[in-house]
Amino acid sequence: MMLASIVLAASQNMIAQNDMKLSNKQQALVAIAANEARGDIDGLKVALNEGMNHGLTISEAKEALSQLYAYTGFPRSLNALGALQQVIQERQSAGLITEAGRDADPLPDDYDALKQGTQVQTKLTGKPFDYQFAPQTDYYLKAHLFGDIFARNNLSFAEREIVTVSAISALEGCEPQLVAHVSGARNMGVTDEQLHEIPTVLRQRVGEAEANRCAQAVACVFAEPAHDAIQTVDFSVWPKGEPNTAYAKYFIGNSYLAPLDAEHGGPVNVTFEPGCRNNWHIHHKQVQVLICVAGRGWYQEWGKPAIELVPGTVVAIPAEAKHWHGAARDSWMQHLTFHTHIEDGASNEWLEPVTDDIYNKLK
Ligand code: MN
């Protein structure tokens with residue numbers, strides 16, 4: 001009884017911080033949880049180090065990764081705890097300070113996990129929840145997950161939900177649970193502002209798919225229009241280069257040019273923002289080669305169906321063929337390009353723009 005009121009009081013404190021943004025430590029928890037769920041140990045180590053540089057304690061990190069076994073399974077959780085051990089050792093060797101933090105307070109002798117867990121679960125879901133179809137699972141959820149695990153007070157309820165939402169965002173096909181936890185996170189004291197920040201942190205630190213999944217769940221819970229998920233590309237792999245100002249008048253949308261080893265005649269990497277395409281044009285007396293390296297886009301020759309460009313697609317555009325190339329509406333796209341079979345008097349002829357009528361039919 002007493003513990004119940006203590007636990008609930010702790011969560012009430014969180015609600016008082018209603019206009020708060022995610023702290024650096026909480027942002028690190030987002031990246032830690034999503035990388036744990038993805039099984040990305042390298043990404044996890046980066047996220048753990050960032051968190052510890054911002055005051056995340058060993059106790060808190062351990063708690064988050066332990067809790068996640070209930071959501072991602074022991075294999076992921078144990079791998080992640082192993083990575084945490086390595087990070088702690090590496091930081092020690094490097095002379096970096098890592099705070100041990102405080103362990104969870106011991107539970108009273110008469111602690112009733114089922115009773116307490118039922119109360120916590122009711123708070124999370126906003127109403128009593130009984131999973132009658134599988135009573136044993138109902139017991140595990142209440143007594144173990146929301147009873148044993150959530151009773152440990154070295155992470156707040158709000159932090160636990162930030163961890164859970166971030167991890168489920170990295171699990172393909174678990175969208176109903178993700179929506180339920182975004183909703184539950186609000187009940188556990190995660191602010192609306194913080195919830196809207198989680199997809200941004202996932203996009204910056206984890207990946208596009210994880211960010212899009214979370215953004216859609218947040219939009220669903222807040223009854224906001226869902227944004228079309230934009231597929232981005234990783235500019236640390238193929239450089240974005242500089243704005244393509246010289247040819248901008250022959251493009252719809254923004255494109256960027258990055259000459260690669262230009263000194264020795266290397267190819268140029270062209271980056272197209274979503275929706276960007278060049279006008280119909282002809283390369284006279286030369287063959288243009290396109291090698292798509294990132295994102296998704298289109299190549300179309302006059303009078304023929306468009307060909308989808310995805311990483312690995314190679315197109316050798318015949319000399320004198322009228323054509324265009326560009327990104328898909330919902331994705332950035334990068335292709336390498338160079339010219340071959342170049343004859344004397346080779347040139348480019350720029351023609352009319354690719355109309356929305358043609359472009360918008362492409363999926
Ligand atoms: Mn071309």
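**Helix packing and nonpolar cores**

Helix H2 crosses helix H6 in a right-handed sense. The model described here is predicted. H2 spans residues 24-38 and H6 spans residues 74-93. Their axes lie 8 Å apart and meet at an angle of about 125 degrees. The two helices are therefore oblique to each other. On the H2 side, the contact is made by Glu 36, Ala 37 and Arg 38. On the H6 side, Arg 76, Ser 77 and Ala 80 take part. By type, the residues of this contact comprise three charged, two nonpolar and one polar.

The largest nonpolar core holds 56 residues. Within this core, Ile 32, Phe 150, Val 182, Ile 198 and Leu 202 touch the most other members. H2 gives the most to the core, contributing eight residues. Val 182 has contacts beyond its sequence neighbours: leaving out residues up to four places away, Val 182 touches Val 165, Leu 195, Ala 217, Val 218, Val 221 and Phe 222. A second core is separate and has 13 residues. Val 270, Phe 272, Cys 276 and Cys 292 are among them.

Helix H4, residues 58-67, is mostly covered. Eight of its ten residues are buried. These are Ile 58, Ser 59, Glu 60, Ala 61, Glu 63, Ala 64, Leu 65 and Gln 67.

Terms used:
Residues numbered from 1 in each chain as written. Predicted model: local features only at pLDDT ≥ 70, side-chain atom pairs only at ≥ 80, totals over all residues. Heavy atoms only, no water. Axes fitted to C-alpha atoms, helices over the stretch in contact; angles between N-to-C directions. Helix = DSSP H or I, 4+ residues; strand = E, 2+ residues; numbered from the N terminus. Parallel < 35°, antiparallel > 145°, perpendicular 65-115°, else oblique. Left-handed = near helix turned anticlockwise from the far one by under 90°. Contact = heavy atoms within 4.5 Å. Nonpolar A, V, L, I, M, F, W, Y, C, P; charged D, E, K, R; others polar. Core = buried A, V, L, I, M, F, W, Y, C linked by side-chain atoms within 4.5 Å. Buried < 20%, exposed > 50% of the residue type's maximum accessible area, 1.4 Å probe, protein only.
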